[in-house]
Amino acid sequence: MLTGQYLKAWSVRRTAPPWRILERDLGEKFLSAAPLPEDPGSSLFLITDDGVGDEIRGAQHLGELAARYRVTATCDPRLRTLLERSFPTIEFVDVARRIRGVLNPVYDGRYSDFILASHLPAHCDPYVEAADHVTYGQNLTFNRFAGVLPRQDTGAYLVPDPARAVPRAEGRLKVGLVWKSHLSGGTRRMMYIGLEQLAPLLDVDGVEFWSIQHATDDGERASLEEHGIRQIQDVDLFDDLEGLAAHVASMDLVIGISTVPMELAAAVGTPTWLLGFSPENYLYRTAGGRTSVDQLSRNSTIIAPPWIDFTASYEECVDLVMADCRTRLERLVRTSRRS
């Protein structure tokens, strides 16, 4: 993945235990890291896998999928109304795979693999049985890199609730900030930053900063107030994804790391800057450093100087990226004032 061999990287998913079990049980109707069939009008059941951020990112392909097949798809319950509004011809089925970042263990005796059990509980059985084809969300990404599904670098694909629309800033850029994931243990910590590391941006003139960070602690909330970063008061940023979508849709830009608020902002068409201070944040998204256009998310640019050296310390890489980000933000403010 870090060298940009995306098709090869996604193809190994067919060896994952959940998909091997379904390949055994469903035979040819199950598509695992395989091209989608040319079978117009047939029915397809889509199993959403991985995290909610992955689900939001994968939804960029649902419009094309709905044009080819009669689609039923599982979804995180927090996303269902947003998805139904955006893709009215698709039937969505609630499956709570994770609850506050923790795998939801569903053991009904049918599957020995606990991940498959959480992704495909018993109420999905009729949809699986009725479908002509069954696949999972990450196979859509495989098909994108295989050239079966088209790729668009820009354009919104999720439609926020117009009744919850939020005002834009007047006279300044409205910029959202997000710096960590709900899951930040182990090596994942190297993909995130602390709020204090965003300090080089915070005195850029002409910007109204907003936190879109869920799961903030008391210290972070105090720091947000100290730096004049506005906080969203009327929305549970973890559970109310409709409310979060309305807020990020009102922003001119979102800066930070890949997590649900960032992916949701990109999905509703807000430009996002993903801070590329780690190999995972930079090389993974840039085809091994060959482009600054995010190869996974729409409306996303990877921010890092092309000479970044990941043999340097984490702190040095963060400082280098934040300096580059500040320069770009100042340039964006100047451009917006002239327009």
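1. Ala73 stands opposite Phe92 in strand 3, where strands are DSSP runs (E, at least two residues) and helices are likewise DSSP runs (H or I, at least four residues), numbered from the N terminus. This is a predicted model, in which local features need pLDDT of at least 70 and side-chain atom pairs count only at pLDDT 80 or more, while totals for chains, interfaces and linings use all residues. Residues are numbered from 1 along each chain as its sequence is written, and side-chain values use heavy atoms, with hydrogens and water left out.

2. Strand 2 (residues 70-75) and strand 3 (residues 91-94) pair in the parallel sense over four bridges, and pairing here requires that DSSP finds at least two bridges between two strands. Together with helix 5 (residues 80-86), strand 2 and strand 3 make a right-handed β-α-β unit; right-handed means that, with the strands pointing away from the viewer, the path from the first strand over the helix to the second runs clockwise.

3. Arg164 lies in the loop between helix 8 (137-145) and strand 7 (173-178). Why does Arg164 count as partly exposed? Arg164 counts as partly exposed because its relative accessibility is 31%, and that class lies between buried (under 20% relative accessible area) and exposed (over 50%), with a 1.4 Å probe and protein chains only.

4. Leaving aside residues up to four places away in sequence, Arg164 touches Val235, Asp240, Glu242, Gly243 and Ala246, a contact being heavy atoms within 4.5 Å. Of these, Glu242 is 78 residues from Arg164 in sequence, yet the two are 8.2 Å apart in space, C-alpha to C-alpha.
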